[in-house]
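Take a look at the sequence and the fold shown here. Follow the chain with your eye before you read on.

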Amino acid sequence: MESDRKITLFTTKALLYLYVICLYTFIVNIEAKVHHFEQSPVNGYAKISKSVLTSKRLKRSSDDGFTTVSERNDPKCFSQQDKFKSIVNGLKDGKRLEETHVFANETKYNLALAWAGENDAGILLVLTSELDFTNAASTLWRSTDHGRTWTNWNSKVDNKVFQQADGLQRNPHNPSKCYLISYEHFLYVTETGGETWKRSDIISPTFGSVGSINEQLTFHPEESYQDYVAVVTTTRQLFVTYNNFQTPALVVKDKVHAVKWGSKATSTEKNIYVTTGEFQHPLFSVVPDMNNLECYDSKTGQWTTILKRVVIFDVQDKFMYASIYKSEQPSSEDDDKLLMISSDGGKSWDEAQLPTLTGDRFFSVLDMSEGMIFMHVDNPGDTGHGVLYTSAADGIVYSESLRNHLFPNYNTVHDFYKIESIRGVYLASQMHEGDRSIHTVITYNRGGEWKNVSRPTGVDCKNSEKEGCYLQIQNAYSLHRGLNGRLPTSQPDAYGIVLVHGHVASNLQTTPPDVYLSTNGGYNFKRVLQGPHAYEIADSGGLLVAVPLDTQYPDTIKFSTDEGNCWHVYKFTNDTIRFTGLLTEPGGKSMTVGIWGYTLKDKKWTVNIIDFSNVVTEECKEDDYEDWTPHTALKSSSGLDGCLLGQRETFKKIKADSWCRNGYGRNRDVLQSICPCSEEDYECDFGFHRPEGSTKCVRQEEVKTEEIDICIKGHVDKLDTIGYRLIPGDKCDREKGFHPVSSFESLDHVCKPGNKAPIVHDMKAPVENTGSLKLVVISIIVAVLVLVSVVGAVFAYKMLLLRRQ
């Protein structure tokens, strides 16, 4: 989770001017189409847009479709290859692995796809759509065999037209429940995977016209409340349903800016939290937006205002956070703000206590899972980096985790990534203080310590060995700057598997990356494919699939059944198809994959379906698995191998040389044991940090006293610490091993939120550099004014020509 960057009034207006520029570009380039492909791991649907391109197609190799790719001359790979050839050649009646479907009568450019079945049922829904100045059209398609055949399903939804953006949505807890959003005041709902549909009208007898739905539905985060759905309309009215629209949704509030459901962790699962307030036009507003944070009790139907002057808020697990203006009458969006934290569903709030968080600093909450908060706070001045902090169990007191954490200015793109296949491991990017180069770092204990990513063996370094050679992982920042590749990917059930793009170097590179794989949660990586690829994890890690990205028209797919040691290449088409995406069922358990694209000749949507259960035909048996204990390389002390956050866990993983599939009935039992405490079970306390390459917590340079005063719950508390505190959620045995002691002593002093006097008294004042920021703002203002003037003249000229034509 993350908050928006501080946007000044000037910046908001500049963005509107740039919108005019974009509109101008669209009008004078009416034939141009934008293409993209994206898949949501949460909602499980994909959007594909098609573009008319004239790029020359790269020449294909004339292989027989049964080649092997391996970094090593491994006899196991050739043995697997012989087995693969035998299986494919043994298909009856000359059949092939792939089954191809072409949407022959479909001409619309945009396509959204949703998986609508459970446990490999193979039910898919596709919504094709097109929108221009005068007309909107859409068609609903349905498949029950993983996409091999499709049926026009438009008559089941009364041939209505649905939105191009977010027109097809899926319930994150139940894939059989999907939603079609119209351009008017109604939607269609299915609870049968699209077989039958029910229309639900959004009507407000209380507040009048409701407009339409123009944003994603807000689903309850708990699976047991999957029928709780909130809808905000274009007129900013909030509608709520508690039975998945089987009866009309109820209007409960107007003037709504944002909405979140409560959390089971705080016993507020039936509550709704919203920010409300008057809407101001950004071009004519003279004061910043100030909203109220209100709570709706579904049991009583009563609203309660729990916080005022709110800029943004969020809810995840047991934590709520809200950014509020410090002043009751702020004059601009740059006025000081406070970060307020609640761990009891909004009943009480406390200001977050960080050594460097002042009202004018940008901050972003990156993650609030597993009982702690990761928060980025910008450094003074226009630096593009800041400090990454982690919270104590209460979410109020924070300590420094990573310095010079990359977070580019005026952007929300960052490289912070939680690896889902192992507990406690995160990736991030760090900026070097000297040459401002960027390099990848990793933590194996939830931010307690950050390290360089170990260098894969057998890979040449992009720079001199003296400069340092580590794996530099390409993430959101690199892709945002145009690098060809994909984001890191991992799945909770694919234990230890992580796929990334990267280079071996001292810092991030701009040349085409290679694909690297870790099978132990990021402790070690190996290069498995050269060049960029689209990749997916299937069969809970038992199957990896990839499609080359060094050409826009790939005709081969690569797959591995032994955790990336051996890759086999299969040629799935002889046609020239513009590749738009590689899809597997959300959750990474299915053996079926779809390769989506459109034909270059006639622009017809095409999908090639490959069911790898026809290749790996046998289900795994008990002797095909082996025990795997993660984090065995983390602890150096005797008896602590594999201990993380006080626990040792042992999983069952498929053996790398087993030619079998996990399937949906895989045994996921986990053996757990408690470990003695060590230094790695503790993070640095408030006012302390770990120097790079050290496990010792030392006092920050800014702290000038042995004891630190902090304002918590309206009273000044004196923190007496030697620099360590137990990581939230750590279950280690405190009676054994390392056990430092910290204490809070409540003083007889009253304090208010925003009062930094106790902390400031104990800290050395940081040096702020605001000159560069002012210069940047002035330069942008001048540039935008000049650009708008030039574009306005050209736009008027083009419109005149269009009218004459």
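The paragraphs below go from the whole chain to its ring pairs and then to its charged pairs.

Keep one thing in mind from the start: this is a predicted model. The chain has 805 residues. It contains five helices and 55 strands. Of the 805 residues, 55% count as buried. The accessible surface comes to about 35700 Å². Carbon and sulfur atoms make up 51% of that surface. Now think about contacts between residues at least 6 apart in sequence. Among these, 57% join residues that are at least 24 apart.

Next come the aromatic rings. How many aromatic pairs does a search of the whole structure find? The count is 26. One of the pairs is formed by Tyr444 and Tyr523. Their ring centres are 3.9 Å apart, with 10° between the planes. The pair is stacked. It links distant parts of the chain, since the two residues are 79 apart. Tyr444 sits in the loop between β30 (438-443) and β31 (450-452). Tyr523 sits in the loop between β34 (514-518) and β35 (526-529). The cut-off for buried is under 20%.

Now turn to Phe559 and Phe612. Their ring centres lie 4.9 Å apart and their planes meet at 50°, so this pair is tilted. Phe559 belongs to strand β38 (residues 556-560). Phe612 belongs to the loop between β42 (605-611) and β43 (625-628). The two are 53 residues apart in sequence, so the pair ties together separate parts of the chain. Both Phe559 and Phe612 are buried.

Side chains of opposite charge can pair when their charged atoms come close. The model has 21 salt bridges. One of them joins Lys108 to Glu106, with the closest N and O atoms 3.1 Å apart. Glu106 has 2%, so it counts as buried.

The side chains of Glu278 and Lys255 form another salt bridge, at 2.5 Å from N to O. Glu278 lies in the loop between β18 (271-276) and β19 (291-297). Lys255 lies in the loop between β16 (250-253) and β17 (256-261). The partners are 23 residues apart in sequence, so the bridge ties together two parts of the chain. Glu278 counts as exposed, at 53% relative accessibility. Lys255 is partly exposed, at 36%.

Asp514 and Arg527 also meet in a salt bridge, at 3.3 Å from N to O. Asp514 is in strand β34 and Arg527 is in strand β35, 13 residues apart. Asp514 and Arg527 are both buried. Finally, look for Glu99, Arg148 and Asp611, which are linked in a network of salt bridges.

Key
Residues numbered from 1 in each chain as written. Predicted model: local features only at pLDDT ≥ 70, side-chain atom pairs only at ≥ 80, totals over all residues. Heavy atoms only, no water. Phe/Tyr/Trp six-rings, centres within 6.5 Å; stacked < 30°, edge-to-face > 60°. Helix = DSSP H or I, 4+ residues; strand = E, 2+ residues; numbered from the N terminus. Buried < 20%, exposed > 50% of the residue type's maximum accessible area, 1.4 Å probe, protein only. Salt bridge = Lys/Arg side-chain N within 4 Å of Asp/Glu carboxyl O. Contact = heavy atoms within 4.5 Å. Areas by Shrake-Rupley, 256 points an atom, 1.4 Å probe, with all protein chains shown as cover.
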